[in-house]
Amino acid sequence: MDPMSTPSSSLVTETLPDAPATAAAAGGVSSADAAAAASGGGGGGGSGGGSVSSAAAGVSGGAGGVPRAPVGVVGAALEVLEVEQVGVNNDDNGDALGNDNGDDDNASENAEDYDKAADVSRAMLERTSTSLNASVATKGPSSNNAETARDSSSGKGGNAAADGAGGGKLPTGSAASAPSSFLCPISMDIMTDPVMVATGHTYDRCNIERWLFQQNNRTCPVTGLRLRHLELTANFALRNAIQEWAETNGVALPTPRRQPAGPTRSPANILEGHDEIIWAMEVSGKRLFSASADRTVRVWSTESLRCDVVLEEHARPVLSLAMGSGKLFSGSYDCRICAWDLESLRLLACMEGHNDAVRAMVVAGRLLFSGSYDNTCRVWRVDTYACVAKLVGHAGPVRTLVCSGSRVFSGSYDKTVRAWESGTLQCVASLEGHSGAVRALAAGSGMVFSGSDDATVRVWEHDSCTCLRTLEGHEDNVRVLAVDDRHLFSGSWDKTVRVWCLSTLTCLRVLEGHSEAVLALAVCNNRYIVSGSYDTTVRFFSLETFNCEKIGEGHEDAVRVLASSDDGVVYSGSYDGSVGVWQGGQ
């Protein structure tokens with residue numbers, strides 16, 4: 001097949017009128033306070049007018065806790081868990097799990113992992129229910145079930161006072177006579193220092209601290225669901241209610257006793273805040289932007305390493321980011337592109353037109369190009385946010401974009417790459433030859449590189465769009481590409497990174513070490529090629545010797561995306577929703 005095919009007359013560029021985009025209503029920016037930045041909270045739905053929501057963690061305004069009897073708590077938890085499991089097949093839940101329409105993740109694999117986690121939680125809760133039912137049957141309702149519940153929930157036996165949990169042994173019958181919402185679901189003792197976890201459930205501080213920080217759990221003991229963060233918020237309203245009840249009923253409450261400080265919940269270089277997979281990252285000045293399946297974009301200070309602001313406007317997972325002309329653009333599964341001011345972080349506009357997820361974006365001069373799963377690219381003016389052209393021709397979803405000189409190249413699942421002239425917005429060539437979906441593009445030294453599911457990388461001459469060479473050697477899909485001034489780097493599902501010489505187009509080295517697929521690459525300060533993998537690690541390979549000089553560990557799931565700054569810092573985004581910060585070579 002001819003590597004360059006002239007587009008037929010049916011594959012035309014549809015020019016649209018210069019209609020203005022939907023303008024954003026005036027929305028303010030509320031910076032996150034210290035507690036909010038530390039907790040990484042503030043997810044949730046978009047606010048009216050596209051305002052920027054802080055991640056503030058508030059104090060409960062009502063009596064929290066669990067308003068059911070001990071056995072009922074477990075039964076209710078099973079009901080909640082069952083609802084969550086059913087939701088796995090829902091489209092939105094699938095997106096949140098990273099099931100990118102078959103893009104980067106195996107949908108069945110993610111659903112299977114979710115079901116496994118849910119099954120473990122269900123088994124734990126059923127064991128707890130059985131233990132509690134047996135205890136009630138043998139000891140009667142007035143018996144203290146704290147030890148049984150503690151054994152089942154935390155895996156540790158012993159009296160509450162001996163373990164430093166539950167605040168000490170209470171007078172006989174006091175816990176049984178207290179309202180059920182006053183009892184800690186872990187120890188079944190009256191709470192003396194009630195605190196809320198991310199799910200909204202309340203526990204006695206000493207018990208939940210032991211569960212989280214000494215036993216290294218990341219789930220809510222009642223529901224078994226993974227906690228979006230490990231921040232504990234004091235439930236003052238409930239504590240006051242408990243104290244008033246105790247005073248009225250003549251119950252002496254022991255002084256709250258906290259557990260000894262546990263180990264740090266995550267390494268210092270791991271930042272937590274997102275609820276779901278991080279799909280894209282960009283660095284600008286002293287800020288890092290991360291886009292997630294939790295429908296938000298978080299803004300991190302690269303100096304304090306804290307989340308300053310959470311940008312909330314999208315209704316579905318945010319998949320792509322681009323920057324240009326002092327603006328940040330975010331593309332989402334909700335088919336929209338949001339434009340944000342890079343300084344004030346104010347929402348400027350919501351750009352609508354695509355009929356499916358916006359998977360890739362690139363800024364070329366005063367134009368923004370967006371690629372979508374609706375098989376099209378759209379071109380927007382970055383000053384007026386108007387769509388000026390709809391680029392048609394691809395027969396499959398557009399997965400990746402790259403700007404090279406005066407042209408923008410789009411890679412698609414239809415196995416082709418298309419070249420678009422940014423001045424005329426016309427398709428000047430359709431680059432054919434791959435036998436699998438094109439998932440990665442890169443450009444440099446007058447060449448454009450395409451990585452495909454056919455395990456090859458094709459090299460195209462920029463001007464003529466002819467195929468110069470097909471680079472072979474990988475044994476599985478090529479998922480990511482990166483270039484510096486001398487090399488092309490390709491990462492593959494075969495667990496390796498290949499280094500190609502730009503001048504000779506030959507393979508110089510095969511970089512090994514990862515135990516799973518390579519999903520992300522970044523060049524760091526012209527000293528390292530950095531790779532992120534499904535094996536949860538980040539590896540730094542020297543550009544001089546190509547030896548691995550550092551392995552970054554700390555993520556609990558696959559490393560999906562990498563970004564590097566001019567000062568030699570590499571940032572990694574993971575399936576676990578965390579951001580890693582790595583100083584190159586140190």
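Is cysteine 307 buried or exposed in this model? Cysteine 307 counts as buried, because its relative accessibility is 0%. By buried I mean under 20% relative accessible area, with exposed being over 50% and partly exposed in between, using a 1.4 Å probe and protein chains only.

Hello everyone, a word on the ground rules. This is a predicted model, where local features need pLDDT of at least 70 and side-chain atom pairs count only at pLDDT 80 or more, while totals for chains, interfaces and linings use all residues. Residues are numbered from 1 along each chain as its sequence is written, and side-chain values use heavy atoms, with hydrogens and water left out.

As for disulfides, meaning pairs of cysteine sulfur atoms within 2.5 Å, the count is zero.

Now the overall picture. The protein chain has nine helices and 39 strands; these are DSSP runs numbered from the N terminus, with helices being H or I of at least four residues and strands being E of at least two. Of the 586 residues in the chain, 58% are buried. The accessible surface comes to about 22,600 Å², and carbon and sulfur atoms hold 47% of that; the areas come from the Shrake-Rupley method with a 1.4 Å probe, and for residues only the protein chains shown count as cover. If you take contacts, that is heavy atoms within 4.5 Å, with a separation of 6 or more, 51% of them join residues 24 or more positions apart.

On to one of the helices. Helix α8, residues 205-214, is mostly covered, with nine of its ten residues buried. Among those buried residues are Arg205, Glu209 and Arg210, along with Trp211 and Phe213. After α8 comes asparagine 216, which has a positive phi near 60 degrees.

Two loop residues also have positive phi. Leucine 305, not a glycine, has a phi of about 55 degrees and sits in the loop between β11 (296-301) and β12 (307-312). Leucine 305 is partly exposed because its relative accessible area is 29%. Asparagine 526 has a phi near 55 degrees and is found in the loop between β33 and β34 (528-533). With 56% relative accessibility, asparagine 526 counts as exposed.

Next, a strand residue. Leucine 288 belongs to strand β10, residues 287-292, and is buried because its relative accessibility is 1%. Its C-alpha atom is 6.4 Å from that of threonine 302, 14 residues away along the chain. Leaving aside neighbours within four places in sequence, the contacts of leucine 288 include Met281, Glu282, Trp300, Tyr571 and Val579.

Met281 and Glu282 bring me to the second largest pocket, as they are among the residues nearest its centre, together with Leu481, Val561 and Leu562. Here a pocket is an open set of points on a 1 Å grid over the protein atoms alone, where a 1.4 Å probe fits, with protein on both sides within 12 Å along at least five of seven lines, and lining residues have an atom within 4 Å of a point. How many residues line this pocket? The lining has 41 residues, and the elements giving two or more of them include β9 (278-284), β21 (398-404) and β37 (559-564). The lining divides into 31 nonpolar, three polar and seven charged residues.

That's my tour, and I'm happy to take questions!

How values were computed: Nonpolar A, V, L, I, M, F, W, Y, C, P; charged D, E, K, R; others polar.
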